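These are my notebook entries on one protein chain. I set down what I looked up, beginning with a single residue and ending with the whole chain.

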Amino acid sequence: MYDIKQIREDFPILSRSVYGKPLVYLDNGATTQKPRSVVDAIAEEYYSVNANVHRGVHFLSQQATDLHEASRERVRAFINARSTSEIIFTRGTTESINLVASSFVESQMQAGDEVIISQMEHHSNIVSWQLQAMKKGIILKVIPINDAGELLLDEFEKLITPRTKIVSVMHVSNVLGTINPIKQIIRIAHSHNVPVLIDGAQSVPHQKIDVQELDADFFVFSAHKMYGPTGIGVLYGKEAWLDKLPPYQGGGEMIQNVSFEKTTFNVLPFKFEAGTPDYIGTTAFAKAIDYVEALGLENIAAYEHELLTYATQEMKSIKGMRIIGEAEQKSGVISFLVGDIHHFDMGTLLDRLGIAVRTGHHCAEPLMRRMGIEGTVRASFGLYNTKEEINVLIEGIKRVQTMF
Ligand code: 7TS
């Protein structure tokens with residue numbers, strides 16, 4: 001049962017007001033709010049368990065380690081990875097991509113080799129590769145999109161050459177809402193023996209992910225966009241690939257034996273986890289997974305789709321409305337511009353009405369250039385949003401319009 005009233009009560013922040021108006025939080029693409037169970041887990045572990053993990057014989061350290069490793073198992077089951085060796089905890093999507101880009105380019109690529117990304121990528125999936133490309137003379141190729149904001153798959157296949165070593169694309173666009181056909185992309189890339197990294201930052205909170213069914217080689221996401229804590233993310237990688245990649249950072253936890261002459265590295269997943277991990281964060285992250293799984297990702301997806309359909313229909317009735325991103329397969333993200341009202345003005349005035357939306361280029365400047373705009377206003381939905389809130393947004397947009 002999708003009891004929206006109960007759900008909203010689980011998120012204390014949703015009942016606060018902003019400028020004397022009830023908060024309407026529509027910036028879930030940037031980060032989601034946290035249910036009580038997630039926040040409580042953080043306090044409880046600090047109050048009653050806290051100790052560093054993987055290194056103590058004492059009781060608390062064992063208990064903290066058990067909680068931390070149970071969270072890894074929780075993540076494994078959540079995305080249906082084969083083994084916990086394939087689940088690396090990172091600081092977030094950005095760090096996960098940087099890890100793969102750094103270790104993959106270093107060990108698997110030569111000058112003149114190619115990486116394929118897409119026109120709609122978040123800067124984290126552009127700049128991470130660019131930084132490595134500059135060092136080694138790697139070429140970045142870009143899958144183009146159509147005006148609706150969909151990847152051109154025929155063009156994608158044409159970009160693949162014998163020098164293509166990896167494809168790195170987002171699952172769901174944080175700007176357009178487009179759900180990319182990643183299963184097809186992975187199939188095409190694999191038919192040329194090219195591995196694929198999927199940036200799942202905007203998909204994991206909204207649909208069921210099965211990394212084995214997708215056959216993704218790497219899959220990355222952030223806890224904070226799925227009702228979990230900040231500072232925790234995941235790099236899933238197939239064991240065969242992770243075994244081939246060198247460590248990303250050096251330090252404690254990631255070693256087996258160290259001498260000044262030679263150091264041997266720890267087994268997976270610890271080889272990629274240098275230093276004290278955010279073991280409190282991972283416990284809270286597991287609670288966030290419990291939360292979305294209790295509701296059911298299929299139910300969340302269906303509910304959010306209903307919100308998207310309703311909001312799209314209502315927004316289209318506004319004069320001068322231009323929706324950026326009209327892909328057939330779309331997630332709960334609506335980017336828009338109204339008449340010649342600047343996105344920043346629209347966002348600022350909506351904020352005064354208690355409505356939190358994001359404005360700007362959304363860390364996707366190349367996409368903005370492709371769409372011929374500087375930025376958008378973006379409303380992005382989460383599992384706790386309501387049609388009433390969408391009505392407030394629509395009325396808000398109309399009110400802003402009358403001011404211009
Ligand atoms: N990839 C995608 C598709 C994203 O949407 C984001 C963040 C990231 C990567 C980076 O995630 P992080 O957790 O490492 O920061 N996107 C947004 C957004 O749309 N508004 O604020 C952050």
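Entry 1: I looked up Y248 and found it partly exposed, because its relative accessible area is 27%; the class lies between buried, under 20%, and exposed, over 50%, with a 1.4 Å probe and protein chains only as cover. I note that the model is predicted, that local features need pLDDT of at least 70, and that side-chain atom pairs count only at pLDDT 80 or more, whereas totals for chains, interfaces and linings use all residues. Residues are numbered from 1 along each chain as its sequence is written, and side-chain values use heavy atoms, with hydrogens and water left out.

I placed Y248 in the loop between helix 9 (239–244) and strand 11 (255–258). Helices (H or I, at least four residues) and strands (E, at least two) are DSSP runs, numbered from the N terminus.

I then listed the contacts of Y248, leaving aside neighbours within four places in sequence: E95, N98, L99, S102, S103 and F272. Contact means heavy atoms within 4.5 Å. I also checked D290, which is 42 residues from Y248 along the chain; their C-alpha atoms are separated by 30 Å.

Entry 2: I traced an open sheet of seven strands in the order 4-10-9-8-7-5-6, with mixed pairing. Its edge strands, strand 4 (87–90) and strand 6 (139–143), each pair on one side only. The twist averages 20 degrees from one strand to the next. Two strands pair if DSSP finds at least two bridges between them.

How many bridges join strand 7 to strand 8? I found four, between residues 164–170 and residues 196–199, and the two strands run parallel. In strand 8, V196 is the bridge partner of V167.

Helix 7 (residues 182–191) lies across strand 7 and strand 8, and runs at about 165 degrees to strand 8. Axes are lines fitted to C-alpha atoms, for helices over the stretch in contact, and angles run from 0 to 180 degrees between N-to-C directions.

**Entry 3: the whole protein.** I recorded 14 helices and 17 strands. Of the 404 residues, 55% count as buried. Among contacts with a separation of 6 or more, 71% come from residues 24 or more positions apart.

The radius of gyration is 22 Å, which agrees with the value near 22 Å for a compact globule of 404 residues. This radius is taken over C-alpha atoms, and the globule rule is 2.2 Å times the number of residues to the power 0.38.
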